Amino acid sequence: MECDRQLPWGFSASINEVRGPSPAEGELARVEIEMQSGDVIRIEAVAFCLQGAD
């Protein structure tokens, strides 16, 4: 998991975009969550279960 924080964490209830799952290195897949602040949370795992995804 990688959280490249650009600014101090503050209150945010909004997610701009969720990208993935997409292929990553080896057997891994990646999901990226872009927050309202513009920060991106990247998660790599063997499998994901995303509930409520369109």
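Reply: Ala 29 is buried, because its relative accessible area is 15%; buried means under 20%, exposed over 50%, and partly exposed in between, with a 1.4 Å probe and protein chains only. Ala 29 sits in strand S3. Strands here are DSSP runs of E with at least two residues, numbered from the N terminus. This is a predicted model, in which local features need pLDDT of at least 70 and side-chain atom pairs count only at pLDDT 80 or more, while totals for chains, interfaces and linings use all residues. Residues are numbered from 1 along each chain as its sequence is written, and side-chain values use heavy atoms, with hydrogens and water left out.

Now the surroundings of Ala 29. Beyond its neighbours within four places in sequence, Ala 29 is in contact with Pro 21, Ser 22, Ala 24, Ile 43, Glu 44, Ala 45 and Phe 48; contact means heavy atoms within 4.5 Å. One of these, Ile 43, is 14 residues away along the chain, with a C-alpha separation of 8.3 Å from Ala 29.

Next, the strand as a whole. S3 covers residues 29-35, and five of its seven residues are buried. S3 pairs with S2 (residues 15-23) in the antiparallel sense, over six bridges. Two strands pair if DSSP finds at least two bridges between them. Val 18 stands opposite Ile 33 of S3. The S2-S3 hairpin has five residues between its strands, and Gly 26 takes a positive phi near 65° there.

S3 also pairs with S4 (residues 40-45), antiparallel and over six bridges. Arg 30 has Glu 44 in S4 as its bridge partner. For Glu 32, the partner in S4 is Arg 42. Four residues lie between the strands of the S3-S4 hairpin, where Gly 38 has a positive phi near 95°.

Glu 32 belongs to strand S3. Glu 32 counts as buried because its relative accessibility is 18%. Not counting residues up to four places away in sequence, Glu 32 touches Glu 17, Val 18, Arg 19, Val 40, Ile 41 and Arg 42.

Charges come next. Glu 32 forms a salt bridge with Arg 19, with the closest N and O atoms 3.1 Å apart; a salt bridge is a side-chain nitrogen of Lys or Arg within 4 Å of a carboxyl oxygen of Asp or Glu. Glu 32 lies in S3 and Arg 19 in S2, so this pair ties together parts 13 residues apart in sequence. Glu 32 and Arg 42 also meet in a salt bridge, at 3.2 Å from N to O. That pair links distant parts of the chain, S3 and S4, ten residues apart. Arg 42 is partly exposed, at 24% relative accessibility.

Glu 17 forms a salt bridge with Arg 19 at 2.9 Å between the closest N and O atoms. Glu 17 is partly exposed at 39%, and Arg 19 is partly exposed at 26%. Glu 17, Arg 19, Glu 32, Glu 34 and Arg 42 are linked in a network of salt bridges. The salt-bridge count is five.

Last, Asn 16 in strand S2. Asn 16 is partly exposed, with 46% relative accessibility. Asn 16 and Met 35 are 19 residues apart in sequence, yet 5.5 Å apart from C-alpha to C-alpha. A polar atom of the Asn 16 side chain lies 3.1 Å from the backbone oxygen of Met 35. Leaving aside neighbours within four places in sequence, Asn 16 is in contact with Glu 34, Met 35 and Gln 36.

Definitions and conventions: Polar contact = N/O pair within 3.5 Å; in protein donor to acceptor, adjacent residues only side chain to side chain.
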